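I'm opening my notebook on this one and jotting down what I look up as I go.

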Amino acid sequence: MTAPIRLALLEPDIAGNVGTLMRLSACLGVPLDLIEPMGFPLSDRQLVRAGLDYAARAVVVRHIDWTAFATARTGRLVAVETAGAVALGDADFQPGDTLLLGAESRGLPPAIVGAADLVVRIPLVPGSRSLNVAVAAALVLSEALRQTNGWPKGG
């Protein structure tokens, strides 16, 4: 079996977005890496509300910081950034890729973007700054799953 695509969030700020991504992770069978520090406790009411009962089914790995995540990670690192060099439709995803998104308030630090194997952007109409992080993750994840034949079977 090939390694699954993974989602990773670096220092997320908004509990509701993490809850939404936990639900997405559970429903699609995609592991989710949460890289601390986070801007809220994991028991936050908005997190629980957004994740519903799906959050308990999600495979979530918490990392105390970037170094711990980088040490544990396997496969390619695919950063998702508004200024990414490769448009989503032109990106070539591989099994085992980890899709990394940054904090809602600040994105990914330049050093981490520079360390990525691929930096992808979602093309937006002129004048648009960015999408909600959960929406962006879902868009990029869906394309990565399509390319790698990683959609859940039998559902």
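**Ground rules.** I'm looking at a predicted model, where local features need pLDDT of at least 70 and side-chain atom pairs count only at pLDDT 80 or more, while totals for chains, interfaces and linings use all residues. Residues are numbered from 1 along each chain as its sequence is written, and side-chain values use heavy atoms, with hydrogens and water left out.

**The sheet.** My helices (H or I, at least four residues) and strands (E, at least two) are DSSP runs, numbered from the N terminus. Two strands pair if DSSP finds at least two bridges between them. In what order do the strands of the open sheet lie? I read off E3-E2-E1-E6-E4-E7-E5, seven strands with parallel pairing. The edge strands are E3 (60-63) and E5 (86-87), each of which pairs on one side only.

I checked E5 next: two bridges join E5 to strand E7 (residues 118-121), and the two run parallel. Ala87 has Arg121 as its bridge partner in E7.

**Strand E6.** Then I went to E6 (residues 98-101). Are its faces covered or open? Both are covered: Thr98 and Leu100 are buried on one side, and Leu99 and Leu101 are buried on the other. E6 pairs with strand E1 (residues 6-10) in the parallel sense over four bridges. Strand E4 (residues 77-80) also runs parallel to E6, joined by three bridges.

**Salt bridges.** I count a salt bridge when a side-chain nitrogen of Lys or Arg is within 4 Å of a carboxyl oxygen of Asp or Glu. How many does a search of the whole structure find? It finds six.

Arg6 and Asp33 make one of them, with their closest N and O atoms 2.8 Å apart. This pair links distant parts of the chain, since Arg6 sits in E1 and Asp33 in strand E2 (residues 32-35), 27 residues apart. Asp33 is buried at 3% relative accessible area, whereas Arg6 is partly exposed at 22%.

Glu143 and Arg146 make another, with the closest N and O atoms 2.7 Å apart. Both lie in helix H5 (residues 133-147), three residues apart, which is about one turn of the helix. Glu143 is buried at 15%, but Arg146 is exposed at 54%.

I also looked up Glu11 and Arg106, whose side chains meet in a salt bridge (3.1 Å, N to O). Glu11 lies in the loop between E1 and helix H1 (15-28) and Arg106 in the loop between E6 and helix H4 (110-115), so the pair ties together parts 95 residues apart in sequence. Glu11 is partly exposed, with 24% relative accessibility.

**The largest pocket.** Last stop. On a 1 Å grid over the protein atoms alone, a pocket is an open set of points with protein on both sides within 12 Å along at least five of seven lines, and lining residues have an atom within 4 Å of a point. I get about 410 Å³ of space in the largest one. Of the 21 residues that line this pocket, the closest to its centre are Val80, Thr82, Ser130, Leu131 and Ala136.

Definitions and conventions
Buried < 20%, exposed > 50% of the residue type's maximum accessible area, 1.4 Å probe, protein only. 1 Å grid on protein atoms, 1.4 Å probe; cavity = no way out; pocket = protein on both sides within 12 Å on 5 of 7 lines; lining within 4 Å. Points joined across faces, edges and corners; volume = space filled by probe spheres on them.
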